[in-house]
Amino acid sequence: MLKLRNVAQAYGKKQVLNNVCFNLAAGEIGCLLGPSGCGKTTALRLIAGFETLQSGSIQVGDVEVAGPHHSMAPEKRQLGLVFQDYALFPHLTVEANVGFGLGALNRTERAHRVADMLRLVGLTREARQYPHQLSGGQQQRVALARALAPKPRLLLLDEPFSNLDVELREKLSIEVRDILKHEGITALLVTHDQHEAFAMADRVGVINEGVIQQWGRPYDLYHKPRNRFVADFIGEGVLLPGIVMSAHQVKVELGLLQGVDAAESDGTNCLGFGLGADVDVLIRPDDILHDDASPLQAEVERRAFRGAEFLYTLRLPSGARVLTQVPSHHDHAIGEKIGIRLDVDHVVAFRKSAVVKHRTPS
Amino acid sequence: MPADSLPSDAQSAPASYRGSHAFCRRVLPWLPVAPIALITAIPVLVVMSALADPDQEIWQHLWQYVLPELLVNTFWLVLGVGLGVTILGVSLAWLTAACEFPGRRFFSWALLLPLALPAYVTAFVWLGLFDFSAPLPTWLRDEYGILALPPVRSRGGVILVMSLALYPYVYLTARAAFQGQGRRLMEAAQSLGLSRWQGFWRVALPMARPGIMAGLLLAIMETLADFGTVSVFNYNTFTTAIYKAWFSLFSLPAAAQLASILIFFVFVVALLEYQLRAKRSYAASTRAASTPTRIRLQGGQGLLALAWCSGVFALAFLLPVGQILDWTLDVWETDLDARYLEFAWHSLLLSGLGALLVGALALTLGYAQRLHPTPALRVTARLATLGYALPGAVLAVGIFIPVAWLDNQLIDHLGLDGQILGGTLAVMLLAYCARFLAVSFGPLESGLGRISRSVDEAAQSLGVVGAKRLVRVHLPMLRVSILTAAALTFVDIMKELPITLMTRPFGWDTLAVRVFEMTSEGEWERAALPAAAIALVGLLPILFLIRNTDHAKA
């Protein structure tokens with residue numbers, strides 16, 4: 001439904017986007033995730049048509065909306081947009097805002113469509129109110145209804161929840177996902193918040209310095225990061241030094257790890273590093289379990305209470321540190337030694353002492 | 001992030017991208033903007049060229065007989081009024097912003113009211129009351145034999161009256177500065193052992209200096225531009241000299257020569273003001289949020305503050321307004337005739353047309369700047385709005401000369417008779433556009449600035465662009481700004497004197513011209529009726545301003 005091919009964009013000397021490619025199938029929700037200034041908003045604005053594409057091509061459905069020699073005007077692209085600040089028209093009621101883009105319909109059709117949209121987002125009672133009379137979450141839903149009303153081929157959302165407080169953010173992102181899935185809308189959002197990305201999207205592209213570092217399912221981003229940037233940016237974890245024992249085995253301080261893959265950018269399997277080579281293995285907090293019976297002991301160095309669980313930072317005898325998530329009735333003091341055990345499903349290894357390479361063109 | 005990588009400035013980035021489109025983008029916005037800028041630029045250049053190319057004979061005459069007096073008069077006037085408005089404005093601002101005394105709430109907004117009265121109205125009331133032959137001094141002489149009342153028709157008199165009329169400029173900016181300081185810095189000063197009085201001199205006043213300077217420079221610009229007040233007092237300055245050279249000596253070149261000297265002074269002041277404004281916007285962003293605790297003035301001090309505020313308010317507002325009403329009641333039965341209705345009609349027509357035209361030009365300028373935010377366009381918009389600094393007398397000369405030249409060309413080449421453009425409303429309206437574009441542009445620009453860019457993009461993504469977007473989104477959102485701009489311009493044109501006087505069609509009198517004619521014949525009572533009408537209309541935007549700045553609440 002959405003295809004970006006070799007999209008590149010530079011402003012002055014600064015390369016904002018470099019060789020960006022990805023596909024989004026019809027009905028899928030995609031997400032560009034990255035730190036601020038990584039180029040994700042520029043990508044969104046290129047798709048919307050508010051910036052002029054410099055090279056590459058962008059295709060929506062069967063239509064190339066922007067290519068090397070032409071650019072379709074934003075209003076012709078039939079895309080829906082939800083802005084970070086919602087950009088509701090302050091002089092119009094909720095109803096009129098939602099009906100704003102329905103100029104092609106006659107009066108009754110328009111009224112029907114507006115009513116449908118308001119029902120969809122649960123704002124039927126607020127139809128006659130003005131934007132400033134609504135809460136932030138309600139304004140957000142008006143913006144969504146307004147963008148969906150003209151039946152866009154693709155919905156673009158620019159940091160749609162960043163103006164809301166954390167609790168509302170989570171609730172609303174699930175609500176919005178349900179609405180989009182229910183209506184079968186293809187959508188692309190950009191955000192810097194991985195929780196939002198994971199809650200909303202089927203496919204996530206981690207983007208940094210204008211390059212897509214990895215494009216895939218949230219699960220793969222978390223457990224099989226392609227490179228150190230993705231490993232670092234997504235979730236928590238530590239890199240533990242180890243020695244390659246075979247194609248899928250690495251020995252670390254805590255024992256022999258099975259099912260280790262080389263991170264995609266470093267080769268196909270661990271033998272690529274060489275037998276006996278030093279590597280770093282990404283260990284997530286959920287890879288380590290607390291087990292009082294275990295002979296492996298580690299000292300509690302720091303602890304963060306998170307309600308249902310503790311996140312402990314543990315010091316191994318060698319001085320290396322690992323993280324573990326433990327149900328919160330296991331209340332251990334700092335300095336205490338606790339037993340741990342590995343519970344590794346699949347992990348990835350990175351070349352040791354490799355210069356941190358974030359720019360790894362595919 | 002370097003500025004050139006911001007998305008909004010990046011639209012022209014690909015040079016090879018659709019050549020004709022890029023050309024349109026670059027040239028189209030200038031089509032409306034360039035003529036608007038020329039309306040201001042041409043009179044300035046015409047007047048300046050008189051300075052560059054002086055006529056020896058005229059110059060010698062001016063230098064020998066005219067300039068010495070003008071320079072001395074202008075020097076004392078600027079110095080005196082500058083000092084006067086600073087003392088009045090700062091003291092009143094400090095009292096109402098930082099102190100507590102009986103009546104403070106009332107005075108904090110009431111002290112703005114003199115802005116509604118044109119200075120020339122205050123001036124003729126004062127002359128009517130205190131001149132040698134006026135009832136009050138005569139009565140004092142007859143009853144008590146007091147002869148030593150200082151003459152009001154003097155340099156000191158002009159300075160006093162103009163200070164009373166112009167102090168609100170300083171009051172407004174100084175008060176905002178004092179209020180913005182918050183209390184923490186004064187508390188810090190006190191904790192370091194300074195008394196509050198010392199704190200005022202060493203902390204509050206230095207910090208408010210940019211604000212005070214800004215108001216002071218505006219007041220000085222008004223002083224240099226003033227024509228009505230000084231002519232009521234027969235105090236010769238450049239503006240009155242320009243008028244006399246043109247209409248008594250019929251020497252337009254001499255008028256242009258004088259205008260070119262005045263414009264030089266004005267530019268110096270305008271430049272200072274511009275530099276200050278650039279700095280001040282930076283200072284304003286670090287505003288403290290805490291509200292100051294007021295200094296409670298006890299007993300005698302409180303009464304003193306009350307007396308000072310009431311005194312200024314009475315002399316600057318109550319006295320002129322009361323006297324005008326009194327005179328109006330005396331004369332309205334005989335004066336309110338068909339002729340008077342014609343003056344009022346002329347004033348309303350002119351102000352209405354002017355407000356419409358100026359508003360439309362300002363909106364075009366602001367909109368072009370929004371759609372094509374290039375540095376060149378921004379600078380041009382700034383230049384186009386510089387006309388506010390130009391004295392009306394200068395503009396009248398600067399507009400009339402090219403129009404007369406154009407008329408001559410038309411007469412020569414087309415064989416037409418007489419004046420075609422000269423002496424029509426068109427000339428006046430052009431001059432108003434140059435002078436008051438900034439008045440309309442200010443509110444419209446800030447109104448447009450408040451509309452976020454994503455609103456534009458939201459409309460565009462929903463298929464609403466171009467004129468449709470202007471009508472359906474921008475104009476409704478700008479409603480208040482448009483009304484403000486129109487109201488301010490309307491009132492300013494209504495009060496305007498020199499441009500109207502010098503460029504109006506023959507015998508085409510307005511309320512302001514009527515006031516001028518009556519006062520120049522010393523018929524104070526008969527000037528009261530038109531003055532009352534002008535003051536009444538002038539009060540409206542001031543009340544609006546007071547409501548908006550929340551002076552009543554503070």
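In helix α20 of chain B, the buried residues are S481(B), T484(B), A485(B), A486(B), L488(B), T489(B), F490(B), V491(B), D492(B), I493(B), M494(B) and K495(B). Here a residue is buried if 20 or more other C-beta atoms lie within 10 Å of its own, exposed if 12 or fewer, and partly exposed in between, with C-beta atoms placed from the backbone. Twelve of the 17 residues of α20(B) are buried, so this helix is largely enclosed by the rest of the structure. The helix covers residues 479–495 and reaches 25 Å from its first C-alpha to its last, close to the 24 Å expected at 1.5 Å a residue; that expected span is 1.5 Å times one less than the number of residues.

Before we go on, a word about the model and its labels. This is a predicted model, in which local features need pLDDT of at least 70 and side-chain atom pairs count only at pLDDT 80 or more, while totals for chains, interfaces and linings use all residues. Residues are numbered from 1 along each chain as its sequence is written, with chains lettered from A and ligands numbered from 1 in the order in which they are written. Helices (H or I, at least four residues) and strands (E, at least two) are DSSP runs, numbered from the N terminus.

Let us turn to where the two chains meet. On the chain B side, 24 residues are in contact with 27 residues of chain A, contact being C-beta atoms, placed from the backbone, that lie within 7 Å. Two helices of chain B, α18 (453–461) and α19 (466–477), each supply at least two residues of the side that touches chain A. The largest share of that side, six residues, comes from α18(B). By type, the residues of this side of chain B divide into 15 nonpolar, seven polar and two charged. In that count Ala, Val, Leu, Ile, Met, Phe, Trp, Tyr, Cys and Pro are nonpolar, Asp, Glu, Lys and Arg are charged, and the others, Gly among them, are polar.

Now for chain A. Its secondary structure comes to eight helices and 21 strands, and its C-alpha trace spans about 75 × 50 × 35 Å along the principal axes. Of its 362 residues, 44% count as buried. Among contacts in chain A between residues at least 6 apart in sequence, 65% join residues at least 24 apart.

One open sheet of chain A has six strands in the order β13-β12-β11-β15-β21-β14, with mixed pairing; two strands pair if DSSP finds at least two bridges between them. At the edges stand β13 (255–257) and β14 (260–262) of chain A, each with a single partner strand, so one side of each is left without a neighbour in the sheet. The twist averages 40° from one strand to the next, with axes fitted as lines to C-alpha atoms (for helices over the stretch in contact) and angles running from 0 to 180 degrees between N-to-C directions.

Follow β15(A) through this sheet. Five of its six residues are buried, so β15(A) is largely enclosed by the rest of the structure. Six antiparallel bridges join β11 (residues 238–246) of chain A to β15(A), and V238(A) stands opposite I283(A). Strand β15(A), residues 278–283, also pairs with β21(A), residues 347–351, in the antiparallel sense over three bridges; there V281(A) stands opposite A349(A).

A further open sheet of chain A has five strands, ordered β16-β20-β17-β18-β19, with antiparallel pairing. Its edge strands, β16 (288–290) and β19 (321–327) of chain A, each pair on one side only, and the twist averages 50° from one strand to the next. Within this sheet, β17(A) (residues 297–305) and β18(A) (residues 309–315) pair over six bridges, where F305(A) has F310(A) as its bridge partner.

Definitions and conventions:
Contact = placed C-beta atoms within 7 Å.
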